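The paragraphs below follow a few of their pairings through the model.

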Amino acid sequence: MATLEVHGQRGRDAIVTLTAPEYIVGSLDTCTIPIRDDDAVSRRHLRIEAHGDGDARSWSVIDLQSRNGTRKNDEVLVAEEVLAHGDELHFGRHTMLVFLDSSFGGGTSTNVIDEKPTLTRAETEVLVELCRPWFEEGSYAPVATRKEIAERRFVGEGAVQNLLTSLYDKFGIPLDQRGGKARHELARLAKLTGAVSAKDYKKSNQ
């Protein structure tokens, strides 16, 4: 059995069990999975479609020529792609779908920190800069690089890396997962737990 976790600005909003042959995601109320709180989501944004039957059933996703596009994990979705357990679909300003396949053995829910960890002012500022592209361009944009964060904060990249390492520890990102996707995962967890918000972003621009 496959499911989709629907995450919005407030965190996880719903879990949808995939039983129909097709799901349309978009801002229209007539969509199978309507997204009502994100003005950067197109009326018909993407389609998730079943292939095969029973245990052999698989699922794919395709962007429906949306205005702002869709990212599957860290890559822009340019054609129909098969979904694998744990894949994340990012679109709009703050909308994310997480595809979960119970046959994978991972259960039906992602492991999410229930409460945000205690952060220093400097750590919060780094998180804001990390997530700045999402606030300004939408969640389909890549998160900020270490160099970009350093330039925004007028500090060296080493200082930024030290703060990122501390944040990886506080958000429970394992050492063996601190490669190229670690910043993306950190930003995702920061948004899900409310460690950074639009209010923090606006305050940083004052």
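Which side chain meets Asp-87 in a salt bridge? In this predicted model, the partner is Lys-72, with an N to O distance of 3.5 Å. The two residues belong to distant parts of the chain, 15 residues apart: Lys-72 sits in strand β7 (residues 70-72), and Asp-87 lies in the loop between β9 (81-82) and β10 (88-91). Asp-87 counts as buried because its relative accessibility is 9%, under the 20% cut-off. Lys-72, at 13%, also counts as buried.

A search of the whole structure gives 15 salt bridges. Another of them joins the side chains of Glu-22 and Arg-47, at 3.7 Å from N to O. Here too the pair links distant parts of the chain, with Glu-22 in strand β3 (residues 22-26) and Arg-47 in strand β5 (residues 46-51), 25 residues apart. Glu-22 has 39% relative accessibility and therefore counts as partly exposed. Arg-47 is partly exposed as well, at 21%.

The next pair lies within a helix. The side chains of Glu-129 and Arg-132 form a salt bridge at 2.8 Å, N to O. Both residues are in helix α1 (residues 121-137), and because they are 3 residues apart there, about one helical turn separates them. Glu-129 and Arg-132 are both buried. This pair is part of a network of salt bridges that also takes in Glu-136 and Arg-152.

Behind such pairings is a general point: side chains of opposite charge can pair when their charged atoms come close.

Conventions. Residues numbered from 1 in each chain as written. Predicted model: local features only at pLDDT ≥ 70, side-chain atom pairs only at ≥ 80, totals over all residues. Heavy atoms only, no water. Salt bridge = Lys/Arg side-chain N within 4 Å of Asp/Glu carboxyl O. Helix = DSSP H or I, 4+ residues; strand = E, 2+ residues; numbered from the N terminus. Buried < 20%, exposed > 50% of the residue type's maximum accessible area, 1.4 Å probe, protein only.
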